[in-house]
Amino acid sequence: MVVHDEHGFDRDYWEERYSASGLAWSGNPNPVLVTDVTPLPPGRALDVGSGEGADAIWLAQHGWQVTGVDIATSALTKAKARAESLDPVAADRIDWRQRDVTEWSPSPRAFDLVSAQFMHLPEPARTTLFRSLAAAVAPGGTLLIVGHDASDVGRDSPHQGHLADLMFSVEDVLAAIAPEELHVEVAESRRRNPVPAPDSEFHHDVVVRASRATSI
Ligand SMILES: C[S@@+](CC[C@H](N)C(=O)[O-])C[C@H]1O[C@@H](n2cnc3c(N)ncnc32)[C@H](O)[C@@H]1O
């Protein structure tokens, strides 16, 4: 069975999804963010597609000054309320902004950490976004891009057509960020942890971590 998407993952889709009661996601920070960012000294962080804010809140609790960007006002409202109820001190370190990243780019060299977790856009918007995120990394800073690996979407997958077009590979990310001349530290397809449910489509995450040399 081929399932074609009935929506375009546009703003209306995300607004409605986050308007439902309860959480759309686990409420926990993404495991790759925790493992790969824990060793870094805190500074200014940009979390693109911040959703319900679990990553932004975790970053703020670990000393980062965070900008959380999402297309959905309902996501940002939920994220802000969660941050304020969980940790008012950390909440003060987060600036929530409603932006459509297909129309907005972060300032170049402005962030010590730029994180995009499961930010899936169709081409050519994906390449444009990843390049602008790479450009936003400050000297000495880090880019972390994580997403569902396109290789999990096989030929027999129900997720073909537009949904499959949203997934990407390690090579897609490397090609997009190449002009920014970052030092690539990690570029791999990593088994998801915790292990997803057996009926889950996605078992691997693309993980690309890269840094910009400190200027001298
Ligand atoms: C799959 S969710 C991931 C949320 C969060 N990063 C996480 O890992 O739990 C993708 C997020 O990207 C946001 N998003 C989708 N398209 C966007 C766009 N064009 N500009 C900004 N945010 C967008 C959605 O509202 C949603 O919160």
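This is a predicted model: local features need pLDDT of at least 70, side-chain atom pairs count only at pLDDT 80 or more; totals for chains, interfaces and linings use all residues.
In helix 1, Arg11, Trp14, Glu15, Tyr18 and Ser19 meet Thr73, Ser74, Ala75 and Lys78 of helix 4. Sorted by class, this contact of helix 1 with helix 4 is made up of 3 nonpolar, 3 polar and 3 charged residues. The axes of the two helices are 7 Å apart and pack at an angle of about 35 degrees. Helix 1, which spans residues 11-19, has Tyr13, Glu15 and Tyr18 as its buried residues, and helix 4 (73-86) is included in what covers them.

A polar atom in the side chain of Tyr18 lies 2.6 Å from an oxygen atom of the ligand, and an N or O atom in the side chain of Asp70 is 2.5 Å from a ligand oxygen atom. The backbone also takes part, with a polar backbone atom of Arg99 placed 3.4 Å from a nitrogen atom of the ligand. On its own the ligand has 600 Å² of accessible area, and the protein covers 90% of this.

Seen as a whole, the chain has 8 helices and 7 strands, and buried residues account for 47% of its 216 residues. Of the contacts between residues at least 6 apart in sequence, 72% join residues at least 24 apart. The chain exposes about 10,700 Å², of which carbon and sulfur atoms supply 52%.

In helix 6 (residues 125-135) one finds Ala134, which counts as buried because its relative accessibility is 0%. Leaving aside residues up to four places away in sequence, Ala134 touches Leu143, Ile177, Glu180, Leu182 and Arg212. Ile145 stands 11 residues from Ala134 along the chain, and the C-alpha atoms of these two residues are separated by 9.6 Å.

The backbone has some further points that deserve attention. Most residues other than glycine have a negative phi, and most peptide bonds are trans. Against that background, Glu123 and Pro124 are joined by a cis peptide bond, with omega about 5 degrees, and Pro124 lies in the loop between strand 4 (111-117) and helix 6. Phe118 lies in the loop between strand 4 and helix 6, and Phe118 has a positive phi of about 60 degrees although it is not a glycine. With a relative accessible area of 22%, Phe118 is partly exposed. Glu181, likewise not a glycine, has a positive phi of about 55 degrees and sits in the loop between helix 8 (170-177) and strand 6 (183-191). Is Glu181 buried or exposed? At 70% relative accessibility Glu181 counts as exposed, because the cut-off for that class is over 50%.

Technical notes:
Residues are numbered from 1 along each chain as its sequence is written. Side-chain values use heavy atoms; hydrogens and water are left out. Buried means under 20% relative accessible area, exposed over 50%, partly exposed in between (1.4 Å probe, protein chains only). Helices (H or I, at least four residues) and strands (E, at least two) are DSSP runs, numbered from the N terminus. Contact means heavy atoms within 4.5 Å. A polar contact is a pair of N or O atoms within 3.5 Å; within protein, one must be able to donate a hydrogen and the other to accept it, and residues adjacent in sequence count only if both atoms are side-chain atoms. Accessible areas come from the Shrake-Rupley method with a 1.4 Å probe; for residues, only the protein chains shown count as cover. Axes are lines fitted to C-alpha atoms, for helices over the stretch in contact, and angles run from 0 to 180 degrees between N-to-C directions. Ala, Val, Leu, Ile, Met, Phe, Trp, Tyr, Cys and Pro count as nonpolar, Asp, Glu, Lys and Arg as charged, and the others, Gly among them, as polar.
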